[in-house]
Amino acid sequence: MAPIKGRKAAANKNLPILSHEFVIQNHADIMSCVAMVIVIGLMVQLTSPVSSLFVALQYVQASVPNTLQTYGTGLKDLFAIFFYFLICIIFHAIIQEYVLDKICRKLHLSKSKNSQFNESGQLIVFNAVSMIWALDIVVKGNWLADLSLLWIGYPYSTLSFSTKFFYIIQFAYWAHIMPELYFQKIKKEDMFSRVKYSVLYLAFISAIYITNFHRIGVVILLLNYVCGFTKHAVKLIDITEKEEDSKKVQLAQNVYNWIFYTVQSLTLILSQTMLWFGLKSVRYSGELRDFNTPMFKLICSIGALAIQAWIVHEFLNNQNSNSLNFSASFGLIKSKPKKTDISNKKRKNTASRKFNELTEADQNTKKTLKHEAKKAAKIAKSIVFEYQKQRKIKQKILDLFDIERETNVEKLAARIASDEPLITPKILPQLETILQKLKDKILFNNLENIHESFKVVKTLSSGHLLPITNVSIDKFGYICATGSYDRTCKIWNTRTGEETSTLIGHDNAVYVVSLVIAGRVLTGSFDKTARIWSLDNGGECLCTMRGHSAEIVAMDVSGPTQTVATSSMDQTTKLFNAVTGQNVATFRGHTGEVVVNQFDRNGSAVITGSFDNTIKIWDVRTAQCIATLYGHTAELTACHYDFSCRAIASSSLDGTAKLWDVRKTDSCCHTIAGHTDEVLDICFDSVGRRVATASSDCSACIWDVNSGDLISAMIEHTGEVTKVFWEPAGHHLLTASQDHSSMFWDTETGECLQELKGHTDHVFSVLMSYLGDTILTASKDNTCCVWQQFNSKNN
């Protein structure tokens, strides 16, 4: 499914005036109104003197004929700083909405990278404008040609219009950074790194402005804005980096390093030269704002040295942290572009070594996990029968623990048919085919014999007019359904690659599709409805489920109760009868959009995950909330029951995953905090002993449910990992990534057994059939690839 990131306000959602959400969403408009009131005040004679305090520069000096107007400084400048503080917030919002947001949507950046891109994008614009402005002041003042002009005539009692307005804007911009942290919903842990430089600039500009060192201040700011412009240009290149651009990033980083040391050296030389040599030739006037005294110069000199030392220290710390490829904690591992086979081998060996270090502390745990993996393979040996009785579709699971490599398929099928009245002579050949595939799967279960075992057999060129939103595959891998923004759902035969039908009826994007019910297709749409379609009658719509007031973004089906659960951006989840389409219950309680839901095994309870950072457990019979799981600090991306429905796993944009016990809902059992970026997906294996997580930090990880410890790490992807999917037997894991590929992993060692390449854009979904012989990948390139298993047996 194309992921929903961040909070989306429904179009028809009216926020309370002056609520946090209202202020955040409309802060630019609010500031514009305040600024407009001040400007309109200039047009009224009564209010014009007051408004002019905010808009015009104060302390105009008596001008000499044929000379430029000059200005003094004082407390009234605070009014102008406030007005242009509002203007900075407005311009910030304009650049964000009309430039940066559009670029981010095209680049498909993760939330953390998106935040970094926005920060650097805003600062690079301001650095560029300030750099050009300061350079203009320096050139017009002829300060480069004669450096002595930086101190001759101190204390400067007047400023040119350009110089004073420059300082007013500097105050306003660095002050507006503070409320922007609130408007942009910056996390508390990220605030300090952004605030410290703003406070430093404000302190420096205030000191320069008060002590009348205006000229040297402009020069130092010019140098630092050149350095800042280069820094954020390098960050933008790094954020949007592709594999082939690694040399470009390294070259840009080297240029920035050279500029940084040059700027800091020049800043130190200029400041110390002016303090101890330049001002020595200037006579102390005794005026109130003349600070040309030995004690003050000593304080300024020590302060300048301390600031320079701190800046260099921060720079070196950042350089050291960026140069680390690995750390004792896997969460600090960053995926690097692939260069050679040797480098990949080193990465695998290093990752393997780290994994061994993490698990050597408890060898018994490792042995237990191996035992559970074998147990999982046995549990996966089963067949699910679906049949219709009194217009209700029911399921029956037949365990096949005794099927082995030597099993005679014909005899086993005959024995099952004699004990099971559901198996008719007409169905017997199909049963034999399934049993043979299951036997073959066991035969080739040894991972050492699998090499490039999946190959593309069909590429489904979607035929959709707009991008695909979601895909689903039936248990046997024969049928595939695709939903699209073009308001249709298409059904495909995965063996022939042909489109068998197009389901038309929704009035907006089809965002959810499901083939869970045999012979049926479920679709959920942005038109606020869900539908059930027949696969047997040319795509006939059997029923339409209505009632939501916003887009439907999640669906699940309970086979035992024949109930459909739909979750919506209207903050509710509704239950519908799968036969009649009648709304039988509505779950209300979330304060944010509900983006995921799941029934338990018998259909008596439903879990829902929301953008309000919580998970709720609901009783289907009473439609009441049984428990609310608190702990995440950002929007939920996924939540799932394990096989027994006694445990819940959740993932969030806060960069963590959590494991919960349904019987103890007051707190989570384990918090998985090993990833360095948002966690986009999570799922249990078939027995609920392990969970897999997918993250924007370009990795997928497998964790022990009982201890919360890391079992293995998959670090080959070079783009964010958006989806994880367990092979039914539990030996392998599939991942989908923004790097245009899907990968097939050994779950015990974290080794990539095969990279599934066939797409030209972000792969947002990967699925596997129940027998494990068919894989379906879906991409933003508007295609789906069908992969089938090939090995020495069937080649």
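**Aromatic pairs in the predicted model.** Two rings of Phe, Tyr or Trp (its six-membered ring) pair if their centres lie within 6.5 Å; planes under 30 degrees apart count as stacked, over 60 as edge-to-face and the rest as tilted. The count by this rule is 33 aromatic pairs. The model is predicted: local features need pLDDT of at least 70 and side-chain atom pairs pLDDT 80 or more, while totals for chains, interfaces and linings use all residues. Residues are numbered from 1 along each chain as its sequence is written, and side-chain values use heavy atoms, without hydrogens and water.

**Close-up of Phe 126 and Tyr 225.** The ring centres of Phe 126 and Tyr 225 are 5.6 Å apart and the planes stand at 85°, so this pair is edge-to-face. Phe 126 belongs to helix α4 (residues 111–140) and Tyr 225 to helix α7 (residues 214–239), so the pair ties together parts 99 residues apart in sequence. Helices (H or I, at least four residues) and strands (E, at least two) are DSSP runs, numbered from the N terminus. Both Phe 126 and Tyr 225 are buried, that is, under 20% relative accessible area, with exposed over 50% and partly exposed in between (1.4 Å probe, protein chains only).

**Close-up of Tyr 485 and Phe 526.** This aromatic pair is edge-to-face, with 6.4 Å centre to centre and 65° between the planes. Tyr 485 lies in the loop between β7 (479–484) and β8 (488–493), and Phe 526 in the loop between β11 (520–525) and β12 (530–534). Tyr 485 is partly exposed at 33% relative accessible area, whereas Phe 526, at 17%, counts as buried.
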